[in-house]
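Student: I would like to go through the labels used for this model and hear what each one rests on. Please set each value against its definition.

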Amino acid sequence: MFNLIDEKWIPVICKSGTIRKIAPWEITDNRDPPIKVCFSRPDFNSAVTQFLIGLVQTSSTPKDVDEWLDMLENPPSCEALKEKMSFFKDAFELIGGNHPFMQEPGVENRKSIDRILITSPGDNTVKLNKDFFIKRNDGRNCLCMSCAAASVYTLQALAPVGGSGIRCSMRGSSPLTTMVEGINLATTIFLNILIKDNLGSGTDGHIFPWMSDEKCEVFSSVDNDPRMVYWTVVRRIALGSLKEGTCMLCGSTGPSIVDYDEVSKGSSYSGWEHPLCPYSKDKTDTKPVKVSEGIGHLNEWTYMMYTGLSEVCPSKAVRQVQMNRLDIKEICFGQEIRLWINGYVNDKASVKAWKEIHQPMLMDYDERAKSAMTLAIADMIRLAEYGCDQLKKALKILYGPRDRSNIGRPVSIPSDLIESYWNGCDSIFEKFVSRIGPEDNDKLLLQWGSELHSVASSALDGAADSVPLEYYSNVALSRKNLSMHMSEKSISKELNK
């Protein structure tokens, strides 16, 4: 037996810098406060932080904003958390029993335990021996109980498309997670807890799908407890054999899982909005935002932090924090509040990359300044995208026809030059956002445009250094074109559109 409420299975880094394992109810231990979860895999860190948010939400949902802010200012003791979490401990047995955590006993299709990791090759890839260039483990093909527990929750929460009949997560195949980050783990958890009215409507009672003896193909948000959103089970899996071994991920020795079973046709979820995911809304549909390659740049992450910038609506947790930002700023006085954005970029069943950024959140503007700030940020993004377009045009001139034989041929622009431009924009964005005023920001926006011109020019100059001297006319023409379209007159014209 290994109960995820009772056992100390979550590795954390503490304020002192030491790493230790805690039980979920020890997040508020103030002797050496846990700062963050620290598994060896970034997807485990995100998923287990979501697990903790879900567990506190399930056991201690605040009835209103006052109760939530009090929880943030005066966190409950470890003993109080343990008492509330223990009410649900029967649903958190990792192995054994009739209803193991997020599993379906009785499924039969044995696989080695390394295949449960999201980054492992799919069934068809292994079958066709196409994983030749994928590094296999060194023979330690087992997971300790801590890593096994993390892998189960990670798979159910973040699963990509897995082939025929193998479902992806409730948030889609490249699920995006946004969590508000505080000074320590407890603050992070409580900042992301929703009050009852914001959690969603539904019926009280059925929270954990795996606790039912009957399999349900579709779970509707209307017919189930809204807290089920943290405990979705999209994959039909069951952990297998247990033996003494050395964990292939963390290197710890002890009881370990060596295999598991998985079959197709898991449950789907209809009508749910995950509290930690932004959604794109139009007149006809609402869809979860997916992780993209450019997630680290200001034209992507700003939509996940501030409302009113586009059709993308920040997550419920972010919206609740922004609505109460002045109270939170007072409670967390002097502490930086950040937005932790993360997730896998997936191409169907193939994982392309893990993306993760931490961005400071602006918390000290009042309602009077909100509309001006939203408009100014939207204009800053629009000008940055305009600057990117002008840089691309200048680069096409730079790399364009150098003799008659090249006329009409397509021009390829190195992606690292565009990446360099956006990195430059990101580096100056925070400085400008902090200077946004409650009313007229035209002067600030013109200064922003001037800085964008410098950033674009720097990227263009870096590319021009590699151009042969005999084609210097291309260099001169590209610089002239960029300067003309990024002049103060052109920036003003773009702002007035």
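Tutor: Contact comes first: two residues are in contact if they have heavy atoms within 4.5 Å of each other. This is a predicted model, in which local features need pLDDT of at least 70 and side-chain atom pairs count only at pLDDT 80 or more, while totals for chains, interfaces and linings use all residues. Residues are numbered from 1 along each chain as its sequence is written, and side-chain values use heavy atoms, with hydrogens and water left out.

Student: Which residues does Ala-91 touch, not counting residues up to four places away in sequence?

Tutor: Ala-91 touches Phe-101, Phe-208, Trp-210 and Met-211. The C-alpha atoms of Ala-91 and Phe-101 are 6.0 Å apart in space, and the two residues are 10 apart in sequence.

Student: Where does Ala-91 lie, and is Ala-91 buried or exposed?

Tutor: Ala-91 lies in the loop between H3 and S4. Helices (H or I, at least four residues) and strands (E, at least two) are DSSP runs, numbered from the N terminus. Buried means under 20% relative accessible area, exposed means over 50%, and partly exposed is in between (1.4 Å probe, protein chains only). Ala-91 has 4% relative accessibility and therefore counts as buried.

Student: What makes Phe-51 and Phe-101 an edge-to-face pair?

Tutor: A pair of aromatic rings is described by the distance of the centres and the angle of the planes. Rings of Phe, Tyr and Trp (its six-membered ring) pair if their centres lie within 6.5 Å; planes under 30 degrees apart are stacked, over 60 edge-to-face, and the rest tilted. The count by this rule is 24 aromatic pairs. For Phe-51 and Phe-101 the centres are 5.9 Å apart and the planes stand at 85 degrees, so the pair is edge-to-face. Phe-51 is in helix H1 (residues 42-60) and Phe-101 in the loop between helix H3 (78-85) and strand S4 (110-112), 50 residues apart, which makes this a link between distant parts of the chain. Phe-51 and Phe-101 are both buried.

Student: How do you know that the pair of Phe-92 and Phe-208 is edge-to-face?

Tutor: The distance is 5.5 Å centre to centre and the angle between the planes is 80 degrees, which gives an edge-to-face pair. Phe-92, in the loop between H3 and S4, and Phe-208, in the loop between helix H7 (196-199) and strand S7 (218-220), are 116 residues apart. Phe-92 and Phe-208 are buried. One aromatic cluster includes Phe-51, Phe-92, Phe-101 and Phe-208.

Student: Is Met-102 buried or exposed?

Tutor: Met-102 is in the loop between H3 and S4. Its relative accessibility is 1%, so Met-102 counts as buried. Its phi is near 55 degrees, a positive value in a residue other than glycine.

Student: Is Lys-265 buried or exposed?

Tutor: With a relative accessible area of 59%, Lys-265 is exposed. Lys-265 is not a glycine, yet has a positive phi of about 65 degrees. The residue is found in the loop between strand S11 (259-263) and strand S12 (268-270).

Student: How are H11 and H14 oriented, roughly parallel or roughly antiparallel?

Tutor: Axes are lines fitted to C-alpha atoms, for helices over the stretch in contact, and angles run from 0 to 180 degrees between N-to-C directions. Under 35 degrees counts as roughly parallel, over 145 as roughly antiparallel, 65 to 115 as roughly perpendicular, and the rest as oblique. Helix H11 (residues 367-398) and helix H14 (residues 472-485) pack at about 160 degrees, with axes 8 Å apart. H11 and H14 are therefore roughly antiparallel. Among the residues making the contact are Tyr-386 and Ile-397 of H11 and Leu-477 and His-485 of H14.

Student: What is the angle between H13 and H14?

Tutor: Helix H13 (residues 442-464) packs on H14 at an angle of about 170 degrees, with the axes 11 Å apart. That makes H13 roughly antiparallel to H14. Residues that meet there include His-453 and Leu-460 in H13 and Arg-479 and Leu-482 in H14.

Student: What makes helix H8 mostly covered?

Tutor: In H8 (residues 298-305), 7 of the 8 residues are buried. Trp-301 and Tyr-303 are among them.
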